[in-house]
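Work through the exercises below with the sequence and the model side by side. Try each task before reading its solution.

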Amino acid sequence: MSRARSTRVRSHRTETTDRVEEATADGASTAESEATATAAGEETTTDTGETTAVDECPECGGRTRVDAAERVCADCGLVVEADRIDHGPEWRSFDDDDANPKRTGAPLTRSRHDRGLSTEIGRSTRVKGRKRRRLARMRTQHNRAQISTKRDRNKVYAYTEIRRLTGVLELPDSVRDTACALFDSAQDESLLRGRSLEGFAAACVYVACRTADVARTVGEVCGEAKATEDEHRAAFDAMNRELGLPIGPTGPAEYLPRFASDLGCAADVERRAGELAERAVSEGIANGRNPVGVAAACLYTAARELGADCTQQEAADVAGVTPVTVRRTYVDLTEE
């Protein structure tokens with residue numbers, strides 16, 4: 001049975017009206033979709049192409065805030081968005097796992113002659129016989145190839161000494177990296193010829209401490225270093241003359257916090273010692289004297305004024321000076 005053909009004829013006015021109705025319906029649906037997206041807290045795009053973020057809660061209409069990996073409402077506590085993108089490292093490491101799932105290498109460091117970019121041939125207990133001996137020979141040749149010149153050999157030895165010194169003196173990594181960079185500058189200026197590598201390592205650590213405002217004396221650095229004070233002085237003078245080190249004379253106030261901590265002084269004693277140290281510098285009492293001894297004398301004087309328990313011998317032992325040095329500065333500070 002055939003379907004009857006419609007005899008209705010659509011005029012031009014009717015078609016125009018239908019188009020207007022369809023456009024109105026499309027506009028209403030678009031507005032509804034934008035309203036739904038706005039209520040859900042998503043980003044909406046305007047007619048000009050600009051993207052705006054809506055921070056309204058879909059439940060109460062309050063403001064939302066980002067808390068760690070979630071976006072929550074500050075009024076009702078609704079979790080609007082969770083599982084945000086983590087921009088941290090992609091590896092994980094657990095101490096109780098047998099295998100280390102890390103797939104990234106160590107970070108770059110100035111304390112290595114190759115910045116830590118070289119690789120090593122590892123060891124394995126699963127390899128036996130001929131293959132194990134071949135890997136041992138390859139490991140030996142690989143270690144020899146890492147240090148190809150005398151310049152690299154000197155750098156490896158000096159960096160090892162710098163790392164040892166900073167570890168023994170309990171210095172931060174920033175001081176270690178600064179000392180290694182300073183040794184590179186000294187090597188580039190050809191200052192190592194005829195001088196001790198141990199002396200340059202000790203001098204670089206001492207200069208790095210001075211620039212970072214870390215209180216360490218020459219005696220403390222040379223006491224743990226393999227170099228003598230003469231070797232340290234020769235390297236320091238060469239770097240100061242050729243490189244123009246940005247350091248000035250040390251003041252007694254730099255040693256007060258460490259000495260006060262070693263003596264167990266109270267905060268008011270340390271504060272009074274700081275005032276005495278400023279007075280000693282301003283009045284010229286500290287001129288021509290060891291700043292370490294002046295700092296010890298300021299602590300002893302402050303302890304005497306405030307009734308704290310501190311003797312001249314204890315202050316001298318902490319600073320590494322004699323009681324006579326402490327007594328002379330104490331007399332000058334107490335004179336009216």
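This is a predicted model: local features need pLDDT of at least 70, side-chain atom pairs count only at pLDDT 80 or more; totals for chains, interfaces and linings use all residues.

Residues are numbered from 1 along each chain as its sequence is written, and side-chain values use heavy atoms, with hydrogens and water left out.

**Exercise 1. The whole chain**

Task: State how many helices and strands the protein chain has, and what share of its residues is buried.

Solution: Begin with the DSSP runs, where helices are H or I runs of at least four residues and strands are E runs of at least two, numbered from the N terminus; the protein chain has twelve helices and five strands. Next, take buried to mean under 20% relative accessible area, exposed over 50% and partly exposed in between, with a 1.4 Å probe and protein chains only; buried residues make up 30% of the 336 residues. Finally, with contact meaning heavy atoms within 4.5 Å, residues 24 or more positions apart account for 57% of the contacts with a separation of 6 or more.

**Exercise 2. The cores**

Task: Find the largest nonpolar core and name the helix that gives the most to it.

Solution: A nonpolar core is a set of buried Ala, Val, Leu, Ile, Met, Phe, Trp, Tyr and Cys residues joined through side-chain atoms within 4.5 Å. The largest one has 31 residues, and Ile 162, Phe 183 and Phe 200 are among those with the most contacts inside it. The helices α3 (150-168), α4 (173-188), α5 (197-211) and α7 (229-242) each supply at least two residues of this core, and α5 gives the most, with eleven residues. Apart from this core lies another, of 30 residues, including Ala 277, Ile 285, Ala 286 and Cys 298.

**Exercise 3. Two helix pairs**

Task: Describe how helix α11 packs against α12 and against α10.

Solution: Axes are lines fitted to C-alpha atoms, for helices over the stretch in contact, and angles run from 0 to 180 degrees between N-to-C directions. Helix α11 (residues 312-319) and helix α12 (residues 323-334) pack at about 115°, with their axes 8 Å apart. The contact is made by Gln 312, Gln 313 and Ala 316 of α11 together with Pro 323, Val 326 and Arg 327 of α12. For the other pair, helix α10 (residues 291-306) and α11 pack at an angle of about 145°, with their axes 9 Å apart. Here Val 292, Ala 296 and Tyr 300 in α10 meet Gln 312, Ala 315 and Ala 319 in α11.

**Exercise 4. Two single residues**

Task: Decide whether Leu 276 and Glu 81 are buried or partly exposed, and list what each one touches.

Solution: Leu 276, which has its place in helix α9 (residues 267-282), counts as buried because its relative accessibility is 1%. Leaving out residues up to four places away in sequence, Leu 276 touches Cys 298, Thr 301, Ala 302, Glu 305 and Leu 333; its C-alpha atom is separated by 7.7 Å from that of Ala 302, 26 residues apart along the chain. Glu 81, found in strand β5 (residues 79-81), is partly exposed, with a relative accessible area of 32%. Neighbours within four places in sequence aside, Glu 81 is in contact with Ala 69, Glu 70 and Arg 71, and the C-alpha atoms of Glu 81 and Ala 69, twelve residues apart along the chain, are separated by 8.5 Å.
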